[in-house]
Amino acid sequence: MKVILTIGIVLNLLVTAALAQVQIPAERLEEAFVLTPEEQEENIEICTQNLIKLGKSIEAYLEVNGDYPEWLSDLYHPRYLPDPDVLICPADRMGGRAGFARNIDPKMPVSYGYQFRSQHRERIQENRTLYGNGVPLIRCRHHPSPDFHCLNLSYEYKISRSWSIWEATPEQLYDSPEEAIAAMEIGLQQQPDNERLCYYVYPALARLYIETGREDRVSGVVDLFKSSINTDYPRYYLTLARLLEMTDRDEELLQVFKELAEQNPNDRTAHRKLAEIYQRLGDTELAKEHRLKAEPLLALVGKPVPDFSATDLDGKSISLEDYRGKVVLLDFRATWSSPCLEDTPNVKKVYDAYKDKGFDIIGISLDNDEKMLRDHLKKHEIPWRQVYSGKRWESPIPQQYGIRNVPSGWLIDRDGTLISQQASGRMLEPLVSEAVTEAEKVNLVKLILLILGNNRKSN
């Protein structure tokens with residue numbers, strides 16, 4: 001087994017080195033590493049055994065040093081971990097690069113994310129206090145699947161499978177929901193006012209009470225939250241909303257957000273929640289009223305979109321007025337956003353399908369790295385013009401249109417009116433298709449009227 005692992009490590013390193021010299025399309029690289037379900041399970045089993053060995057090594061290290069290692073590479077020692085292959089996951093295609101940059105071991109190749117790094121120990125200790133010793137000590141992110149994102153080794157040296165953000169589903173770290181509940185009950189007794197973690201722990205505990213048939217305890221969780229967490233905490237009201245929604249306390253929920261909206265009429269979160277609540281209660285008029293207060297730009301649908309004037313990535317002036325007569329997409333996105341990267345082929349496909357039918361795109365970049373943007377455009381052969389300021393969310397055009405998430409698409413008709421602010425992802429193609437088709441019908445009617453008009457004149 002060690003020989004197989006070592007060969008795998010060497011191959012991974014060779015691939016990494018080769019990629020530095022020769023650019024291979026990502027999709028071709030993915031094809032080269034397609035594994036059968038049996039091979040995937042074998043990798044998971046080897047990785048599981050690696051984690052168990054690392055747990056034993058940490059136990060030995062603790063016994064000698066009285067503290068956890070600063071990095072997993074500190075375990076590489078005849079006394080603790082004589083075999084360096086244990087530090088490499090067999091599914092790690094990069095031969096020892098952790099899933100997140102902040103987890104990269106500075107001393108040697110290590111596939112695993114060590115959670116108890118010295119600079120994060122205070123934060124991790126808070127997690128342990130609130131959720132118990134079932135929380136991850138070491139994580140492996142090299143086995144993504146529909147069933148789990150990470151393999152974890154806990155502080156009790158047990159293996160679990162969980163989503164990346166385990167705080168939302170802490171029961172994945174334990175043998176049963178009851179064990180997770182017991183750990184969180186103890187944790188909340190010690191840290192009921194931990195504002196950083198309250199967003200997860202209170203709703204998780206309330207949900208598990210409901211799922212295990214102990215609904216009678218949920219009110220106690222709500223009361224503890226309301227008495228322990230400061231209302232100035234940014235996520236206080238959203239967390240309270242989640243708790244009240246679990247118990248169908250709509251009237252109390254309604255009162256909370258009505259008071260919040262009265263205190264701060266410009267609080268979009270309050271109006272957004274009020275819109276949801278009124279919609280659920282069947283009051284569509286009030287739901288619409290608060291939805292427009294939460295998203296005032298929704299009122300622009302069917303109305304002219306305010307123009308902008310900017311300089312594109314090639315230094316040429318550009319404005320919406322330049323695109324009159326075309327169905328145009330204002331495409332807000334960034335290369336640092338995974339959803340944007342995943343959606344890029346879809347946008348390119350729609351552009352290629354409708355570019356000869358009067359459709360065009362203006363890319364509005366929220367990047368702050370021009371080279372990364374240009375490399376992305378070149379890689380995906382994106383021909384439409386781009387506006388770039390390097391200011392991310394403070395970029396002038398996203399600020400002008402109130403953009404708060406990416407990807408985000410504004411589809412604009414040929415006469416400059418807004419068709420939709422939801423033109424991205426799966427919504428993009430049908431919206432563009434309908435807009436282009438309607439425009440073609442209008443043009444056809446205009447042509448017929450023109451012909452008829454000319455015929456009357458000639459007669």
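**Close-up views of a predicted model**

Glutamate 38 is exposed, at a relative accessible area of 59%. In this predicted model, local features need pLDDT of at least 70 and side-chain atom pairs count only at pLDDT 80 or more, while totals for chains, interfaces and linings use all residues. Residues are numbered from 1 along each chain as its sequence is written, and side-chain values use heavy atoms, with hydrogens and water left out.

**View A. Glutamate 38 lies in helix H3 (residues 37–65).** Helices (H or I, at least four residues) and strands (E, at least two) are DSSP runs, numbered from the N terminus. Exposed means over 50% relative accessible area, buried under 20%, and partly exposed in between (1.4 Å probe, protein chains only).

**View B. Alanine 168 sits in the loop between strand S4 (159–162) and helix H5 (177–190).** Alanine 168 is partly exposed, with a relative accessible area of 32%. Its C-alpha atom is separated by 9.0 Å from that of tyrosine 199, 31 residues apart along the chain.

**View C. Aspartate 248 has a positive phi of about 55° although it is not a glycine.** Most residues other than glycine have a negative phi. Aspartate 248 belongs to the loop between helix H8 (236–246) and helix H9 (250–263), and is exposed, with a relative accessible area of 63%.

**View D. A cis peptide bond joins valine 406 and proline 407.** Omega is about -5° for this bond. Proline 407 is found in the loop between helix H14 (396–400) and strand S10 (408–412).
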